[in-house]
Amino acid sequence: MTLDELRQRQNPYGDDKAIDACGLFGVIDRSGRRLNGQIAIEAMANLHDRGNGLGGGFAGYGIYPEMADAIALHVMLDDQASRARLEEELQQDFHIRLAEEIPHRPVAAGSSVQAPPLLWRYFLDPQPGISRRPGQRVGQGLGQGYDQGRGPEHGSGEGRGHGFGSGDGGPVVGASAEYDPEFADSLVDFVMHINRDLPGVYVFSCARNMGVFKGVGYPEDIGEFFRLDDYAGYMWTGHGRFPTNTHAWWGGAHPFSLLDWTVVHNGEISSYGTNRRFLEMYGYYCTLQTDTEVIAYAADLLMRRHHLSVNEAALVLAAPMWKEIDRLPATARQRLTVLRRVYAPLLLNGPFTVIIARSGELIGLGDRVRLRPFVAASAGDRLYVASEEAAIRVVEPQLDQVWIPRGGEPVVGRLDGLAQAGVPGAVAASAAVARAQATTATTTTTAACAAAWPAARPSGRAGWGEQEVAG
Amino acid sequence: MGQARTHIEAQAVFGPLKPYLEPEFLVERDPDRCIQCGVCISQCSFGVHWFDVRRSQVRAEQERCVGCHRCAVFCPTGALTIRRNPSEYRPNANWRPEFVADLKRQAETGGVVLTGMGNDKPFRVYWDHLLLNASQVTNPSIDPLREPMELRTFLGARPDQVNPSASTSALADGATSHPVEGLPAAMVSVEDLPPALQLETPIMFSAMSYGAISFQAQLALFEAAQACGTYANTGEGGWPRPLRRFHDHVIVQVASGRFGVDADYLNEAAMVEIKIGQGAKPGIGGHLPGEKVKAPIARTRMIPEGTDALSPAPHHDIYSIEDLALLIYALKEATHYEKPVAVKVAAVHNVAAIASGIARAGADVIAIDGVRGGTGAAPKIIRDNVGIPIELALAAVDRRLREEKIRNRVSLVVAGGFRSSADVIKAIALGADAVYIGTAAFVAMGCTLCQKCYTGKCAWGITAADPALARRLNPDLAAERLINLVHAWSAEIKEMLGGMGINALESLRGNRDHLRAVGLEQWEMDVLGVKGAGQ
């Protein structure tokens, strides 16, 4: 659909941005064991009252193991003509391995699911040398300033977050860090191009071995509609929406997706204007006018393009207070000062809890003064994050640990092996990883695993409190 | 003032002509309250009050009154009232009294009409047409009395990203000796960042030179800047040795006259600012008459005592943008790349393009002074007719720098008539990093905007050249007033920020979504980049 149409659907009253509040849920099984999508449906059903039926959605990772090396494209289409236009476009750059309607159940009587559009999915193999589209502002911007030479060498360092090398020819697992930078930019370009230039087409997600299922309705009804109980993935996120100023349209539901990033978000970012204008200078144009979009772009800029670790990104997005920084020893203080100075306009201000996911990794983050609910829990290999403990308890009554993360403290769940340098693709976002593989906590450096909680952080936030320094 | 037929005070060729002007102010003395103590006589530096020996009574020569209110404030019995003279000509919408008065003055003297302070004409003040946002329901407002609220601001260039390769080397340089769990491991060290000023509040004191203001006033400004964790600017008149102890909070100016500039001057300061122009008098230079250049001023400015201190209109080594780049880098070389270099320009028509050029020429900070900016002395015709409002200039510059993707390379400081904390926070929302205040600081020290700075007779001791008058300003007490002002504004800014649900000023910077316009034309809203209220 055209940009104007997009805006019109997303933000019909022309407000500064779409405003909504929500319920969130996320789970990752670090061992790579795949969980039935029913887990996300049931958890979200227990957060029913945090939404108003105007949007629900899910992201599943590792759901297409048999197609793991193909780009999975989920789209909504206004009509068959739109589909024809899309397929014509796809054929220029991709070989279509499989095209089919996304399986779904008929809308049951009494279901909150409203007027589903055509929903299709494609499994695509990029043709050699997928072309950059010079007409796209986004693409141009993304191309600019990207350090093209950085690809192969990064990712091998501890603390850089993702343990993937890139361009090393390892098995395809669909992690964002693994996409060749140029290809990733082209893919972003391509999606933007479809969304903006093809009437009646809107992309839900476009990445390897993952997919976004979303629409208008309560999340449990949307999950039921999409037959999520037929899927299994090692990571799920879910979202129930309570928008206040947007009409119901299927594309406006969460998760918001960019490459293999998905973002579900509860909050209102008061710094939206500052964040948006900063991101524009890096080539990200916030066409959807939502907070969620800004968060996804910020995550992409910081973690994919600038190679910051999850912790560093969290220290930008929900920066510690100067008062706390000033008390730190010189080295720590200087580093944090650098982060806050350079990325000051990316500080997310205002109330939010967000679950950012990418292949193999789940990041929960709350705002620095903790104005929106956020609970984390662990049970065996599983890490849960949600708006309310009730959503977790309903699917996993026996939990090893339950805690409320401090403001700005990221909760990170990562597939075992992913954090180990130099094991590209070993994770196999599919079920291939043996359950027996070491289940010890990955070195996520923060609250990834509850084992260290709460003894390790008597005060201040994990990672840079004085206690840790002294110890 | 020295130059015949140039300034209004000059002697006319045929001797003094009878002034055809009536007094601007009436000095009313309540005989029941007046105790004939004569305080008004000693306080008035313009010779209004005098003791009539024959009548044994204090009387007033009110045609000399400039309306500074020094006498009324210091009268121990409150016997004095200063009022504007209600005497009126026949009303005429075109030939308004101000034009008539200036015409008559010029007919009497043949000079350029001089004035002080900022433009006092009723051009639209855009701050008064912009309203701020606040949180209701969908997000919570934040109470600054209970929650942290951050105003810390950095001025200087920012790199576009933290460089991972530099960070690896930082790690190798012993950063690993802090094996803090979760500490960002990969990062540039702070030394690798371009130099910057750290402000604890986004309010700085404008450039006001020693000579234009008294030593005491400059001392008060420096003291206050230090106490508030911010900066004060020396202006172009050099930097008196006794005031160098404030070096961590002082910005020095390099202007077209180069007064007082040497290696120490540059290296002792926190930042160096190249002054290209001033909002009150864009395009023209400055002139401190020789009679004001007494020994201490002469020493500070590094010119002979008693000579006129002339600042040329342009820098005679800057006739183009590449010349500016040369000077910027000359100053950076001289300061070993340890100080940010700012360039101050007046807000003029093409300010966006000019600012873009300045950013590309290598400046770390751009200061823009709007049409309402103050001055110690300027031709009235220039002050009132040249330049554009700072609100529009700021919006245009911020937008242009973003469009060109170079906004990170420079910080923006704006100046020119900031009257309250609301003006400041609106400027931040339009895209400014910090503001300079001059007139507001003056008012805090006692100034009543009588606009007679250029006479050197300031009864409040702020712009006084006469040491006896200058001593009226107790620097410590004046500093206390300034500190109070900055604290009060900072507290108000925190309240407004918290109301918007924001707890760091940096999240409001350039966040025009938090502004709405009332009573503006569409083109004005377009330039400001704000929607109308209700939109």
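Reading helices and loops in a predicted model

Trainee: What span should helix H5 of chain B have, and how far apart are its end C-alpha atoms?

Mentor: H5(B) covers residues 215-228, which is 14 residues. Just after H5(B) comes Gly229(B), with a positive phi of about 70°.

Trainee: How many residues of H5(B) are buried?

Mentor: The count is 12 of 14, so H5(B) is mostly covered, a residue being buried if 20 or more other C-beta atoms lie within 10 Å of its own. Among the buried residues are Phe215(B), Leu219(B), Leu221(B), Phe222(B) and Cys228(B). Gln216(B), Gln218(B) and Glu223(B) are buried as well.

Trainee: What covers the buried residues of H5(B)?

Mentor: The cover includes strands S9 (203-207), S10 (232-233) and S11 (250-254) of chain B. It also includes helices H13 (439-445), H14 (467-470) and H15 (475-499) of chain B.

Trainee: What describes two packed helices?

Mentor: Two values are used: the angle between the axes and the distance between them. Here, helix H12 (residues 421-430) of chain B packs with H15(B) at an angle of about 55°, and their axes are 9 Å apart. H12(B) and H15(B) are therefore oblique to each other. Their crossing is right-handed.

Trainee: Which residues make the contact?

Mentor: From H12(B) they are Ser421(B), Val424(B) and Ile425(B). From H15(B) they are Trp489(B), Glu492(B), Ile493(B) and Met496(B). By class, the contact of H12(B) with H15(B) has 5 nonpolar, 1 polar and 1 charged residues.

Trainee: Now the loops. Where is Met117(B) found, and what is its phi?

Mentor: Met117(B) is in the loop between strand S5 (114-115) and strand S6 (130-132) of chain B. Its phi is positive, about 65°, although Met117(B) is not a glycine. Met117(B) counts as buried because it has 25 C-beta neighbours inside 10 Å.

Trainee: What is phi for His307(A), and where does His307(A) lie?

Mentor: Phi of His307(A) is near 60°, a positive value in a residue other than glycine. His307(A) lies in the loop between helix H8 (291-305) and helix H9 (310-317) of chain A. With 24 C-beta neighbours inside 10 Å, His307(A) counts as buried.

Trainee: Which residues of chain A does a cis peptide bond join?

Mentor: A cis peptide bond joins His254(A) and Pro255(A), with omega about 0°. Pro255(A) lies in the loop between strand S10 (235-243) and strand S11 (256-258) of chain A.

Trainee: How many helices and strands does chain A have?

Mentor: Chain A has 13 helices and 18 strands. Of its 471 residues, 62% count as buried. Among the contacts in chain A with a separation of 6 or more, 77% are between residues 24 or more positions apart.

Note on methods:
Residues numbered from 1 in each chain as written. Chains lettered and ligands numbered in written order. Predicted model: local features only at pLDDT ≥ 70, side-chain atom pairs only at ≥ 80, totals over all residues. Helix = DSSP H or I, 4+ residues; strand = E, 2+ residues; numbered from the N terminus. Expected span 1.5 Å × (residues − 1). Contact = placed C-beta atoms within 7 Å. Axes fitted to C-alpha atoms, helices over the stretch in contact; angles between N-to-C directions. Parallel < 35°, antiparallel > 145°, perpendicular 65-115°, else oblique. Left-handed = near helix turned anticlockwise from the far one by under 90°. Nonpolar A, V, L, I, M, F, W, Y, C, P; charged D, E, K, R; others polar.
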